[in-house]
Amino acid sequence: MSAIELPSLAIPDAQKSAFTEADVHSKLFEPDMVTLGYPARTSGQAEGDYFLEQHRLAVWRLKSQKARGFYDGLYLIGNAPVVLCELKRYDALDSQQALDSAIAQLQGYARSEDFEEPPPFLLLYSGKPSSTCFFRRAGMAKPAEYEPLPDIWSWERVRAFQLRGEFAQEIVGPDRLRAILLHHLDAIENDLRSQVVQAIRIVKEESGLVGEFGKWLNARPIAKQRMRELYERKVAEVGRDNERQVAAEMVTQAALNYLNKVFFLNLCEDRHLPGFYRIMREFLPRSRSETSPTTAAVFLALLRRRIYDAAGDWPAEDENAYRALRQELAPEIQAHVIEQNAWRDLIRVAFDLAAEHFPLVYREDAFDYFRPSKDVLAELIYDLSTKSFSGLTNRHVGDIYQSMLSARRRQQARLGAFYTPHGDVTYMVSKLNLESGSRVLDPCMGSGHFLDGIYERLIELYAEQGLKPKDVYRQIVEHQVYGGDIDSFALSLAAIRVFLLSDEQIETKPKLFVHDMLLHSPERPQREFFSEAESVVADPQVDDIAEIDEVEFDAVVGNPPYGARKPEYKKRVYARLYGQRAADRNAGSIGTGDGDSYAMFFANGVERLRECGRLSLITNDSFRTLTTHSALRQYILDRCKIVEILLTDTKHFEGVSFQFAGMAITTLEKCSDAEARAANVMRLVDYI
């Protein structure tokens, strides 16, 4: 029994032996439960926490919609059954046969058609410690299985319990979620720091002892080479080989990468998405489980992961064969029991399975080599699995990115990342003159604020034609809304945001790219502009020409980074593309200037427009007056009509200050007709 001193223990055995079942109920059971904090019996309360005996059973969530009277009572939370009770006379369970029979009876009640879901806890009570049994449901699998517990749990502990695999009841808002994620971000960063230090030591070939992660990396030449390439890129971004600064960048990026993937996995499970195996909410908290089709799929995905780790590769042509094999072998695997305690391996399995539906979110890179320890991972999974995200809108999910980067100012400053208020997004999209079939690009999408606004506007235009969102979601996402960003974490959250735009949970392939949008455009056919030295640290996935570079868009809209630090190896490349020096112009530069990233986005955005297409960017307003931007001003006048310049300040941008400069929302229309440009009348909104 419980460590709490229960009243029933103070009554002599001789006296209790003469008790009827009703006496056990009133003289032993009720005082014990009240001592454990359980609500006292009431007969008229209709809501809340209470207990009802057999003649007044709650019918809320009982399929039969009537009192059956087969068992002695329920404890409830909000009318949902929590503890199912069966009481016996004091000496009724003395034999093992009688005890086994009573346990089978109680568990049979729990699995009966009376309950929509079997209660999480069962209590078989006689007042005798040796034959009083308390059971906890082992998971959400059906038929329900129960495991015995040594004590009757207190009511406080029952209320706080989250059944493994059950969808959580605590609905979190954006502020609460932000606090939760930042807490775990800190924990993951602290946990990964030693792994990052070991990785840097190994790729720099420094002598000294390394831990388990270092040994793992040394044993895998392909992983070691990818880690070296990652380190060299980070050094290039920082601008110098400052090991401490580069390590800090890598630690934060690795932690954000892992946290985002785990959070989205929980989000998908929380929303009952098809194709997700509820690994986070059911598999991981258990040490062993009987197999099921789900378990078989997880096991085969684990097998895939083992093969990948051993071979160092998984050719694309093998993927279909693997999926066919998974379906073929699943029934046989169900006949066995699989160990479920390899937390980190199972998380990687979950990522692999999720990648089949969301490859943009679960694309694997060198950051995925860094893995939190079991304790940190267990705390993260348990915490998230006890939360419901049903109260979050798409905008809330996107704002997570801003919150994370705001908490990591160095990362935010490096990316030049400051995010656009929703009102600005709506206004700028309204200036694009979109039609229902327009193709629109955000070249610096961040977590997808503008993608959301573009989608909403296209939905409105299709609605005017009598089409519903579910009819056009795939068309818009796969063919009309494009996004690019240099940050892979931004891509993950933008992909999540785009997915959440549909209530139908349609599988799509969004046109989103981890890509340096400044290197290419339809007007700049692919050419070798990296020197041999620059090519060593260039990332082909980010820097090579991509599908997005071959499209002429009806509109380009966005909030380009301000003063973002350029990777060292790209400084000369940007100069050859946009620089104003004679040598740059001789190398093919358009001469608009490479001193500020937003100036390059202006020029590149115009290059990506079709004739009469529109561009709307929110930027620093210094391009209007500074002499360093005179070439950009001339470029705009030579190629565009200025539709509108709206001037404002930085107050509604958290963490932004340009000292003496303000903000400008500039809307341009591409126009090759010089006479039309000369006759154009622009609109200037002097200050908002």
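Select R683 first: at 47% relative accessibility, this residue counts as partly exposed, a class lying between buried (under 20% relative accessible area) and exposed (over 50%), with a 1.4 Å probe and protein chains only. The model is predicted, so local features need pLDDT of at least 70 and side-chain atom pairs count only at pLDDT 80 or more, while totals for chains, interfaces and linings use all residues. Residues are numbered from 1 along each chain as its sequence is written, and side-chain values use heavy atoms, with hydrogens and water left out.

E644 and R683 form a salt bridge, their closest N and O atoms being 2.4 Å apart; the term denotes a side-chain nitrogen of Lys or Arg within 4 Å of a carboxyl oxygen of Asp or Glu. The pair links distant parts of the chain, with E644 in strand β16 (residues 640–648) and R683 in strand β18 (residues 683–685), 39 residues apart. Strands (E, at least two residues) and helices (H or I, at least four) are DSSP runs, numbered from the N terminus. E644 counts as buried, at 1% relative accessibility.

Now select R608 and D549. Their salt bridge has its closest N and O atoms 2.9 Å apart. R608 lies in the loop between α24 (597–607) and β15 (609–620), and D549 in the loop between α21 (540–543) and β14 (553–558), so the pair ties together parts that are 59 residues apart in sequence. Are these two residues buried or exposed? R608 is buried, with a relative accessible area of 0%, and D549 counts as buried at 1%.

Move on to R497 and D452, whose side chains meet in a salt bridge (3.1 Å, N to O). R497 belongs to helix α19 (residues 488–500) and D452 to helix α17, 45 residues apart. Both R497 and D452 are buried.

Remain with helix α17 (residues 449–463) and display helix α18 (residues 469–479) beside it. The two pack at an angle of about 130°, with their axes 10 Å apart; axes are lines fitted to C-alpha atoms over the stretch in contact, and angles run from 0 to 180 degrees between N-to-C directions. Which residues make the contact? On α17 they are Y455, L458, I459 and Y462, and on α18 they are P469, V472, Y473, Q475 and I476, contact meaning heavy atoms within 4.5 Å.

Finally, consider the salt bridges of the whole structure, which holds 26.
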